[in-house]
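Open the model in your viewer and keep the selection tool handy. We will take a short walk together, one selection at a time.

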Amino acid sequence: MGTIKTIVGEHVEWRSQILKLAKADIIKTYSGAALGWSWALVRPVIMISVFWFAFTYGLRGGKPIEGFPFILWMIPGFISWFYMSDMLTQGAGCIRKYKFLVTKMKFPVSTIPTFMSMSKLAIHLVLMCIVVFIFVITGHFPDVYWLQLPFYMLCMIAFFTAWALFASLLAAMSVDFLNLVKSVTQAIFWLSGIMWDINRINSPKIQFIMHFNPVTYVATGYRNCFIYKVWFWEQADRLAIFVIVLIVMIILALWAYKKLIKEIPDVL
Amino acid sequence: MDSNKVVIEFKNVTKRYKLYKNDKQRLFAVFSKRVKYKEKLAVNDVSFQIRQGESVAFLGKNGAGKSTILKMMTEVAFPTSGEIMIDGRVSALLELSSGFDMEMTGRDNIYLKGQLYGLKNSEIAELEDTIVEFAELDEYIDQPVRTYSSGMRARLGFAVSINIRPEILIVDEALSVGDKEFRKKCRQKVNEIIEKNNVTLVFVTHSISMAKEFCKRGIVMKKGKLVYDSDINDAIKFYDPPKTAKK
């Protein structure tokens, strides 16, 4: 409890600096390059086109799902993956990236994952606007189900910010952990049903296990808004499992924080 | 003005570093208590008080624990046991060439640092020209810090730290930056803010002449222990007996 109080207190006290650091992080990521901001879009566009091509003409499948062409079905889940993959790897590396905040001045370490998350969220929001635009120009107009987008976004932010706190603390202790996360990320991508429809899995057991994966929950959630037209409370069992996983993640993050916060400056 | 207020207080402060064989061992140690490590006692039961407006030099050989003490003063590192009380805005210049975001320009870094020290943008804008001029960076100020030479980084670091109106200034070796002219300017500026603004200065150096110039009090450290604490001239005599003393 004391740890939660410390972390929340630090966020309140340093709120304006957190915002500025988030802003600086976005600017820094893209301003050095000649093409600047367009890089935020180039990567998703290239990846989506390549995967769409591979899945439509190369691998089997790629048939329309729920009456939506495969590429339209793919996009909402894929876009959420960009935020999630960034948070998995860069989130884990954020304390190392902002080493100077830890070792050279007094700064609350717990807020580093937060502003990192905010910076990635800004890019995510821009990409989401483009997704909405794509759906509108292909004749799929907004309906009431779109209203739950912020809900899934919130779930995603909560889980991955907690993850980033946990992982960045461990990664600060040891590069091995960071390397482990980086090598597992690609596996998570293929296991989480970003590229394929998890509803097509026949085995109920495997379906059930899949719901313990927050990446799956978020990607499917985004598709619930755009494709499947399902409310989140209609899948209460999935929500319950996600909440449990989220709570476990938060507890892990708090445990890591409490255990490691005083050692981090000594080892970086 | 109450110039007798205690601004820094260390009470029986001890700092132990845990040394593991490698990174992997350190990661395992997070989960298991059985991983073996060596302990290094960097600071051993140190107590002292520093009052507002004092200028204190920490003298000692490499590994005596001076830098660890400065880090704890900056609240960057935490003591293993003991208490530390700090009262006032601390501006620290630890290790010359770091403390900046390498990808950002010098100017952005000035703003970032200012914001992190809790200044408003309007206040930083007021100080901006002074800092740029002081650091002698001219057009380089709008280049990313990673392109700077170590001297340039140190000058910028010094210019920022000293100009953001600190109440406690902590300096680690940094005054030996740049050429003669710049050093002279630094010295003047440090002396100026000590006298005018009643700033407290804590200074770590190997250079005895520099310690003598800035500080009135000297603390000598040896192997993590505080072995001498008195007037600067006596401290220097204790640390470096006259036979071998420079200057």
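Here is a tour of this predicted model, stop by stop.

**Stop 1: the two chains together.** Colour by chain and look where A meets B. On this contact, 23 residues of chain A are in contact with 24 residues of chain B. Now select helices on the chain A side: helix 2 (15–31), helix 6 (99–103), helix 8 (149–173), helix 9 (175–191), helix 12 (236–260) and helix 13 (264–267) each supply at least two residues to the side that touches chain B. Helix 2 of chain A gives the most, with 4 residues. Colour this side of chain A by residue type and you will find 11 nonpolar, 4 polar and 8 charged residues.

Stop 2: Select residues 2–13 of chain A, which make up helix 1. Is this helix largely buried or in the open? Of its 12 residues, the number buried is 1, so helix 1 of chain A lies largely in the open.

**Stop 3: a sheet in chain B.** Show the three strands of the open antiparallel sheet, ordered 2-1-4. Strand 2 (38–51) and strand 4 (81–86) of chain B are at the edges with a single partner strand each, so each has one side without a neighbour in the sheet. Neighbouring strands here are turned by 20° against each other on average, direction ignored.

Finish by zooming in on strand 1 (residues 6–19) of chain B, which pairs with strand 2 of chain B in the antiparallel sense over 10 bridges. Select B:Lys15, and its bridge partner in strand 2 is B:Val43.

Methods:
Residues numbered from 1 in each chain as written. Chains lettered and ligands numbered in written order. Predicted model: local features only at pLDDT ≥ 70, side-chain atom pairs only at ≥ 80, totals over all residues. Contact = placed C-beta atoms within 7 Å. Nonpolar A, V, L, I, M, F, W, Y, C, P; charged D, E, K, R; others polar. Expected span 1.5 Å × (residues − 1). Buried ≥ 20, exposed ≤ 12 C-beta atoms within 10 Å, placed from the backbone. Pairing = 2+ DSSP bridges. Axes fitted to C-alpha atoms, helices over the stretch in contact; angles between N-to-C directions.
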